[in-house]
Amino acid sequence: MSGDGQVRSDWSMAEVGEIYALPLPELIFRAQTVHRQRHAPERVETCQLISIKTGGCPEDCGYCPQSAHYDAGVQREALMDVDAVVATAREAAARGVTRFCMGAAWREAPQGREFENVLAMVRGVAAAGLEVCCTLGMLNEEQARELKAAGLTAYNHNLDTSPEFYGNIITTRVYEDRLRTLAAVRQAGITVCCGGILGMGERRVDRIGLLRQLATLDPHPESVPINMLVRVEGTPLGQAALLDPLEMVRAIATARILMPASRVRLAAGRKQLSPEAVALCFLAGANSIFVGEKLLTTPNPVPDEDMVLLDSLGMKPLEHHAL
Ligand code: SAM
Ligand code: DTB
Ligand code: SF4
């Protein structure tokens, strides 16, 4: 039977489409069933982002306020000091955050001194007892090996949408480039964080195509961020039509069923979702969120709001533990 909680990587478009379009009560029931086989239903991973290098990116991703192709009012900032990044990570750890993700607006990770500094950040964040994640753009195999040796837990590199829709959003790279970096990360023994964005004007079939791509990676990404587009004025997608929140719920439930052992993250876009919609995303099998007042450049719910929400649902952050 498809979607019975077994881990498999041979999902067809038809199977994924069938799951995605199930009557909502059936979809949620199946997602819950799979979720409870492998995860504690009341626990949520908390992951904090930091932008270690901001703006001025040569890529033209139509959703992104950090692209140099658009003016979204983001102040460009050079690579941060190692000490400042590690100090922020320590504060996050002291608040109970278990994963720390460093993002940089690069097309590809740099060589030389800047890369050495990133390695020092990875070592410092790992020493603070956190799972360490980076998202630095494309990586080659040597860079992936060095990041692994520095103690990197995970590398985030999103496929964003279906292969068919990709060219409508980004023209400065191709899907194959993303898959190549994901392979280098996997080869180096780093866990993979890979997901996408919904609400970019794609059709449902593109959301299904993205989920199928993720679920046919073998092994599955250990962490799957599902972002709802944060519409930023000045970017080509600043005026995109608002996504029906139930599409987030369906996509999350489908991701949970397709990738039973992975962490599914309700990533960007929580500020645009009602508490009830967020609760439905948890019921659909999301078990990770970004916390902290900011994502990379855009606002996120403040820590107090998150605690009130989790409390009201009787849910708790993951206990501090190594992966
Ligand atoms: N430059 C690197 C890259 O693209 O891989 C790393 C940083 S980039 C900002 C990381 C991810 O953030 C993107 O892959 C995209 O999925 C997500 N993202 C960027 N802008 C977003 C937005 N406005 N709304 C939702 N997600 C967004
Ligand atoms: C992911 O999937 N979403 C995060 C993280 N991985 C790097 C980034 C969201 C960025 C939202 C827009 C911003 O704040 O600039
Ligand atoms: Fe650059 Fe990443 Fe933004 Fe694309 S998503 S413009 S690669 S920072």
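This is a predicted model: local features need pLDDT of at least 70, side-chain atom pairs count only at pLDDT 80 or more; totals for chains, interfaces and linings use all residues.
First, the conventions. Local features need pLDDT of at least 70 and side-chain atom pairs count only at pLDDT 80 or more, while totals for chains, interfaces and linings use all residues. Residues are numbered from 1 along each chain as its sequence is written, chains are lettered from A and ligands numbered from 1 in the order in which they are written, and side-chain values use heavy atoms, with hydrogens and water left out.

Start with the rings. The structure holds 1 aromatic pair (ring centres of Phe, Tyr or Trp, its six-membered ring, within 6.5 Å; planes under 30 degrees apart are stacked, over 60 edge-to-face, the rest tilted). Tyr166 and Tyr175 have ring centres 5.1 Å apart and planes at 85°, so they are edge-to-face. Tyr166 is buried at 3% relative accessible area, and Tyr175 is buried at 9%. Buried means under 20%, exposed over 50%, partly exposed in between, with a 1.4 Å probe and protein chains only.

Next, helix α2, residues 24-38. Helices are DSSP runs of H or I, at least four residues, and strands are runs of E, at least two, numbered from the N terminus. Its buried residues are Leu27, Ile28, Ala31, Gln32, Val34 and His35. Those residues pack against α1 (13-20), α9 (245-258) and α10 (275-283). Why might such a spacing occur in a helix? An α-helix has 3.6 residues a turn, so residues three or four places apart point the same way.

Last, Thr46, in strand β1 (residues 43-53). Thr46 is buried, at 4% relative accessibility. Beyond neighbours within four places in sequence, its contacts (heavy atoms within 4.5 Å) include Gly96, Arg99, Ile289 and Pro317.

Note on methods: The expected span of a helix is 1.5 Å times one less than its number of residues.
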